[in-house]
Amino acid sequence: MSTITITPATERSLRNHVSLSQTVRNSFTMAYRGLLKIKRTPEQLIDVTVQPIIFTLMFTYIFGGAIAGDVASYLPIIIPGILVQTVITTSVVTGIQLREDMDKGVFDRFKSMPIARIAPLAGALLADTVRYTIATTLTFAMGFVMGYRPEGGIGFVALAGLLVIVCAWAISWIFAFFGVIARSASSVQGISFLVLFPLTFLSNAFVNPETMPSFLQGFVNVNPVSHLVTAVRDLANTGVFGADAWLALLGAAVIVAVFAPLTVRAYMRRA
């Protein structure tokens, strides 16, 4: 008896490689998915729609007279502070939703699809910039309704908003990293707010640091949130792009340089 060996005429080689253009397309598709989630569950926008309004009203009318003498004098101080606090706090959602998708098995489905493996992560980060834009617009709009008239002009107000959005996007890489390595969405939220609350409240966002004890003033003066708030105030109130704005951009670049590779590496291990 003779043995017949069948040799296939062609061999298919499977490759796990996606071009840069396809990666970009897949990332924008995933970003669109994130926007559809917001459209179908609009309550996800509560933190960027209701929070700026409540915080602005509450801080202005409760503390305005005591800190600045009257509400009108306090608005140029508090509006940039509320803006930075709201948008930075919103960046936590990136990590929480990322963790929820991973827990629900959504990312397991993505792994079986012919898309770039990094696309779900990149898409989530892109989609959240819409949330930052909404929070920025509403905060300035609420301030305008209450009588805030930034002397820097509309151009510098837009530049201030763009600066906050860029910095928030950079910070979202930190929370995306927490979202990948944490065990649950609640732990991501707990860790994130444990980091954010001291940074936002121990800053110059709401009061003049000179009224604080000396041991706190040193921390407030080096706090990156303080530099971002000062940069927004300089842009909106005086139309000056000063040293604090450059420090804020430098800090954002450092965060991305450190946490983007860490997040991508941790994500690729799990994806």
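This is a predicted model: local features need pLDDT of at least 70, side-chain atom pairs count only at pLDDT 80 or more; totals for chains, interfaces and linings use all residues.
I began with a helix pair: Gln 85, Ile 88 and Thr 89 of H3 touch Phe 193, Leu 196, Thr 200 and Phe 201 of H8. Contact here means heavy atoms within 4.5 Å.

Residues are numbered from 1 along each chain as its sequence is written, and side-chain values use heavy atoms, with hydrogens and water left out.

Next I looked up the geometry of the pair. The axes of H3 (residues 71-90) and H8 (residues 185-201) come within 11 Å and cross at roughly 170°. H3 is therefore roughly antiparallel to H8 (angles over 145 degrees count as roughly antiparallel). Axes are lines fitted to C-alpha atoms, for helices over the stretch in contact, and angles run from 0 to 180 degrees between N-to-C directions.

Then the whole protein. I find eleven helices and zero strands. Both are DSSP runs, numbered from the N terminus: helices are H or I with at least four residues, strands E with at least two. The C-alpha atoms fill a box of roughly 105 × 40 × 35 Å along the principal axes. Of the 271 residues, 44% are buried. Buried means under 20% relative accessible area, exposed over 50%, and partly exposed in between, with a 1.4 Å probe and protein chains only. Among contacts with a separation of 6 or more, 79% join residues 24 or more positions apart.

Thr 133 counts as partly exposed because its relative accessibility is 36%. Thr 133 and Ile 77 sit 56 residues apart in sequence and 20 Å apart in space, C-alpha to C-alpha.

Last, I searched for cavities. A cavity is a set of points, on a 1 Å grid over the protein atoms alone, where a 1.4 Å probe fits but cannot get out; lining residues have an atom within 4 Å of a point. I count one cavity of 30 Å³ or more. The largest cavity has a volume of about 180 Å³. Its lining has 16 residues, and Gly 34, Lys 37, Gln 97, Asp 101 and Ala 124 are the closest to its centre. H1 (20-40), H4 (92-103) and H6 each supply at least two lining residues.

Key:
Angles under 35 degrees count as roughly parallel, over 145 as roughly antiparallel, 65 to 115 as roughly perpendicular and the rest as oblique. On a 1 Å grid over the protein atoms alone, a cavity is a set of points where a 1.4 Å probe fits but cannot get out, and a pocket is an open set with protein on both sides within 12 Å along at least five of seven lines; lining residues have an atom within 4 Å of a point. Grid points are joined across faces, edges and corners, and a volume is the space filled by probe spheres set on the points.
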